[in-house]
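I opened this one up to see how its chains are put together. These are my notes, in the order I looked things up.

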Amino acid sequence: MPGPMKMRATLGQGFTEVRVLMTHPMETGQRKDSDGKLVPLHFIQNVTVKLNGRPVVEAQISQAVSRNPVFSFRLKGSAKGDKIEVSWLDNQGESNSTEAAVA
Amino acid sequence: MACAAQAQDASKEIQRYRQMISEGSPAELFELEGETLWKKAQGPQNVSLEKCDLGRGPGLLKGAYARLPRYFKDADRVMDLETRLLHCMLTLQGRSREEATKRVFGTADQPSEMESLSAYIAAQSRGMKLDPGVAHPKEKQSVDLGRALYFHRAGAWDFSCASCHGEEGKRIRMQDLPVLYKPEHARPIIATWPAYRVSTSQFVTLQWRMNDCYRQMRTPEPNFGSETTVALIHFLTATARGETYRGPGSKR
Amino acid sequence: MNVALGLLGALVAVPAWAEPTPAEVQKIMQRDFHPRGQATMERLAQDGVQRVCTETRDKPPAEVAKALEADQMKTIAFPQGSLMGDWKRGEPIAQSGRGLTWADKAGEPGGGSCYNCHELSPKELSHGTIGPSLRGFGRTRGASPEIQRYVYGKITNAKAYNLCSQMPRLGLSGTLTPEQIKDLVALLLDPASPVNE
Amino acid sequence: MNTLRRALLAAFVIGIVKPLAALAAWNKEAFGAKTAGDALKSLGIGNAAPSKDLAIDAPEIAENGAVVPLEISSAIPGTTALIVVADNNPFPLIARFDFKEGALPFVKVNVKMGETSDVRVLAEAGGKHYVATKEVKVTIGGCGG
């Protein structure tokens with residue numbers, strides 16, 4: 001089961017700042033565990049940001065994004081109470097998403 | 001000359017690096033996990049920790065961390081956050097010390113219960129002044145022991161805490177070393193523990209910090225929640241007294 | 001050593017605060033620690049050097065320091081012949097911070113942790129500053145047998161030269177072998193070493 | 001039929017019509033490329049003009065390659081995508097962000113770097129490409145024990 005996500009969407013000067021945290025190991029496939037075995041490649045490939053149900057950012061990322069990814073995006077033209085949804089999908093087919101209202 | 005200038009620039013850039021990573025810290029993920037664990041019924045008694053008294057009364061978390069370590073009458077000793085949490089796991093949940101301390105320091109893949117709980121509880125003191133207990137005789141004794149431990153040389157490499165944290169303006173590799181017996185140095189450091197450590201993707205606590213310093217001092221291993229580790233944490237926190245808590249933070 | 005310690009008792013003022021003595025602290029630590037891996041409980045028993053440096057906060061009276069430094073000098077076994085090893089082997093030893101912790105396997109080669117505290121090769125930007133910069137160390141001092149002997153001795157037992165130095169006794173503690181120490185001597189003194197660029 | 005096909009194909013080749021799926025899917029070829037040049041080729045990026053309107057905020061020295069914070073943004077009008085590449089990484093392409101109406105071309109993210117390297121950020125705007133470069137030195141922190 002994927003670990004928790006956390007998001008904050010705050011109205012700033014001229015834009016809404018969306019900060020989202022994801023629990024994910026972002027394994028490169030190069031790291032060895034304590035038994036010396038290679039940990040298989042396991043990383044988020046797609047991240048989507050939606051504003052009121054409409055995609056506004058679509059990201060493709062590699063295993064070179066740091067473990068437990070933290071992203072900040074900026075949206076324009078959104079208002080208090082607008083619904084932001086962020087979802088991710090990894091190379092093993094796992095996914096997760098979280099929602100927040102612009103505050 | 002050129003070399004000194006270069007070193008100074010490097011140091012400035014490292015400062016900026018730390019500032020940037022502290023802005024992008026996933027520490028909050030651990031707070032979420034900690035909240036779940038705080039409310040989760042566990043142990044032979046099958047109860048949660050929600051009735052645990054961290055010094056402000058059973059279940060009261062607001063500002064509790066900022067007032068630790070302190071003397072607890074029911075245990076007749078000084079406790080820091082983690083030692084107190086362990087106490088509650090034993091007394092409220094009926095768990096054995098062996099089971100509850102089996103994995104107090106987690107890994108990036110599997111954070112420990114203690115780490116997530118520390119994140120959650122410390123976060124409830126954000127914005128409050130650090131005010132550990134220093135009035136009770138046992139509290140005074142604890143701070144004094146902590147100070148003595150700070151300067152006590154032992155281990156295969158003859159180190160005391162002051163061997164690295166004893167002189168201003170020094171570094172290990174690129175890491176600046178705070179002189180933690182000086183309030184102006186202890187304040188910003190203690191105010192941001194516990195913290196997410198980016199180099200290992202782990203959430204780390206002060207008990208872990210003491211443990212890992214002793215590992216590098218080449219001594220045997222201190223017991224989790226022992227008088228020694230609590231006294232050191234108490235001494236450092238008493239030195240940082242009055243600083244506004246702004247953790248859980250982010251470390252290299 | 002006993003003479004020196006006795007002398008110390010007469011010279012050192014008792015601190016003003018109600019702090020436990022080093023002997024009391026040691027007893028508390030012996031109660032509060034447990035052995036793990038190669039890190040045994042004997043490591044908590046302070047020797048004369050550690051005790052004196054703790055008691056005086058690293059400022060021992062000159063006579064005490066002199067007597068104990070002479071004791072420490074006797075622990076150094078200088079090998080016969082040249083003390084210059086190979087700087088190329090010395091560089092990774094200077095880089096490595098491993099050895100003697102409870103997480104290190106006993107018997108595995110340790111490192112000198114040199115860069116943790118000293119600047120050496122200008123190629124390594126990430127160096128500490130607890131110890132003095134050793135960049136160009138051999139350039140000004142040459143590589144005479146005397147200077148080789150000094151460097152070898154200092155790495156083996158820094159306390160023989162400066163009683164309350166923060167530098168570990170890397171030879172005496174068993175962190176580094178005599179061969180490794182010779183390689184570090186070369187890293188510092190060999191004109192071809194990057195340290196002397 | 002044939003004419004339409006040919007017209008579509010031609011449009012494809014000169015890059016007017018993008019295969020829709022490629023936007024949402026993960027570009028395996030580009031992310032699997034071992035050089036920055038190959039990665040960019042797979043993304044259909046040939047020449048990119050250096051631009052002062054593309055900003056990379058990154059530390060000049062990162063104490064730990066596991067976490068290198070980057071803040072990237074474009075002031076080039078009509079920017080629809082930002083691409084991040086670390087030349088010396090084993091797989092240089094790190095990310096591609098596509099921005100739709102409602103998003104500013106801005107991202108803050110932490111990335112991994114195996115060693116000291118140039119970080120290149122490319123922007124796509126009006127079918128053209130722009131680039132900015134910054135070197136990040138990766139060092140060793142802590143006691144290494």
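Before anything else, I wrote down what I count as a salt bridge: a side-chain nitrogen of Lys or Arg within 4 Å of a carboxyl oxygen of Asp or Glu. I also reminded myself that this is a predicted model.

**Entry 1: a pair between chains A and B.** I checked Glu28(B) and found that it forms a salt bridge with Lys6(A), with the closest N and O atoms 3.8 Å apart. That pair crosses between chains, going from helix H2 of chain B to strand E1 (residues 5-11) of chain A. Glu28(B) counts as buried because its relative accessibility is 13%, and the cut-off for buried is under 20%. Lys6(A) comes out at 24%, so I noted it as partly exposed.

**Entry 2: chain A by itself.** I went through the secondary structure of chain A and got zero helices and seven strands. The C-alpha trace spans about 50 × 20 × 20 Å along its principal axes. Of the 103 residues in chain A, 50% are buried. I also looked at contacts in chain A with a separation of 6 or more, and 54% of them come from residues 24 or more positions apart. Chain A exposes about 4500 Å², and carbon and sulfur atoms supply 48% of that.

**Entry 3: a pair inside chain A.** Which residue does Arg74(A) form a salt bridge with? I found Glu17(A), with the closest N and O atoms 3.1 Å apart. Arg74(A) sits in strand E5 (residues 70-75) and Glu17(A) in strand E2 (residues 16-22), so the pair ties together parts that are 57 residues apart in sequence. Glu17(A) is buried at 19% relative accessible area, while Arg74(A) is partly exposed at 21%.

**Entry 4: chain A against chain D.** I looked at this contact next, and it takes 28 residues from chain A and 31 residues from chain D. Glu58(A), Gln60(A) and Arg74(A) supply 28% of the area that chain A buries against chain D, more than any other three residues. The two chains bury about 2500 Å² between them, 52% of it on carbon and sulfur atoms. I found one salt bridge across this interface. Glu58(A) forms a salt bridge with Lys100(D), and their closest N and O atoms are 3.5 Å apart.

**Entry 5: which chains touch.** Five pairs of chains are in contact, and chains B and C share the most contacts. Chain A and chain C do not touch, with their nearest C-alpha atoms 12 Å apart.

**Entry 6: a helix in chain B.** Why did I mark helix H5 (residues 113-123) of chain B as largely enclosed by the rest of the structure? I did so because eleven of its eleven residues are buried. Those buried residues pack against helix H2 (27-38), helix H3 (81-91) and strand E6 (202-204) of chain B.

**Entry 7: a histidine in chain C.** I found His127(C) in the loop between helix H6 (114-117) and helix H7 (137-141) of chain C. His127(C) is buried, at 9% relative accessible area. Leaving aside neighbours within four places in sequence, its contacts include Arg171(B), Arg173(B) and Met174(B), along with Tyr115(C).

Terms used
Residues numbered from 1 in each chain as written. Chains lettered and ligands numbered in written order. Predicted model: local features only at pLDDT ≥ 70, side-chain atom pairs only at ≥ 80, totals over all residues. Heavy atoms only, no water. Helix = DSSP H or I, 4+ residues; strand = E, 2+ residues; numbered from the N terminus. Buried < 20%, exposed > 50% of the residue type's maximum accessible area, 1.4 Å probe, protein only. Contact = heavy atoms within 4.5 Å. Areas by Shrake-Rupley, 256 points an atom, 1.4 Å probe, with all protein chains shown as cover. Buried area = accessible area lost by both parts, 1.4 Å probe.
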